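Dear colleague,

I am passing on the structure below, together with notes on what was found in it. Please read the notes with the model open beside them.

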Amino acid sequence: MNNFYIYIVSSNSRRIYIGMTNSLERRIYEHKNKVIKGFTARYYMERLVYYEVFSSAQQVIDRETELKGLLREKKLALINGMNPEWKDLSEGWR
């Protein structure tokens, strides 16, 4: 059984990016090492501050659409609810 993940990464200035993946550890490694050039590499978004786990691809796609449609304050409330100190939840991986 595969898991699917919705996640939020952040820069030190708390700029955020919402993404989805079927391998959270690999995807966070890619963010930290700027493997894929673009928005997250340009703004140094390396800190995993929020994630959710799903059992189907459709569930994660639906949730990503929902989260991206929220106002910023609601996204910040999600992060603060799970991770009020905005610690890197991937600290210690690889």
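On the surface, Tyr29, Val35 and Ile36 form a nonpolar patch with about 280 Å² of accessible area together; patches are made of residues with over 30% relative accessible area and no salt bridge, like charges being joined within 9 Å and nonpolar side chains (Val, Leu, Ile, Met, Phe, Trp, Tyr) within 5 Å. Accessible areas come from the Shrake-Rupley method with a 1.4 Å probe, and for residues only the protein chains shown count as cover, while a salt bridge is a side-chain nitrogen of Lys or Arg within 4 Å of a carboxyl oxygen of Asp or Glu.

Please bear in mind that this is a predicted model, in which local features need pLDDT of at least 70 and side-chain atom pairs count only at pLDDT 80 or more, whereas totals for chains, interfaces and linings use all residues. Residues are numbered from 1 along each chain as its sequence is written, and side-chain values use heavy atoms, with hydrogens and water left out.

Valine 35 lies in the loop between helix H1 (24-32) and helix H2 (39-42), where helices (H or I, at least four residues) and strands (E, at least two) are DSSP runs numbered from the N terminus. With a relative accessible area of 49%, valine 35 is partly exposed, on a scale where buried means under 20%, exposed over 50% and partly exposed in between (1.4 Å probe, protein chains only). Glutamate 30, in helix H1, counts as buried at 14% relative accessibility, and, leaving aside neighbours within four places in sequence, glutamate 30 is in contact (heavy atoms within 4.5 Å) with Val35 and Ile36.

Turning to the sheet, three strands form an open sheet in the order S2-S1-S3 with antiparallel pairing, two strands being paired if DSSP finds at least two bridges between them. The edge strands, each pairing on one side only, are S2 (16-21) and S3 (47-54). Strand S1 (residues 4-10) is joined to S2 by six bridges, and isoleucine 8 stands opposite isoleucine 18 in S2.

Helix H4 (residues 72-82) lies across S1, S2 and S3 and runs at about 85° to S3; axes are lines fitted to C-alpha atoms, for helices over the stretch in contact, and angles run from 0 to 180 degrees between N-to-C directions. Leucine 78, in helix H4, counts as partly exposed at 23% relative accessibility. Apart from neighbours within four places in sequence, leucine 78 is in contact with Tyr50, Arg63, Leu67 and Leu70. The C-alpha atoms of leucine 78 and isoleucine 8 are separated by 9.9 Å, although the two residues are 70 residues apart along the chain.
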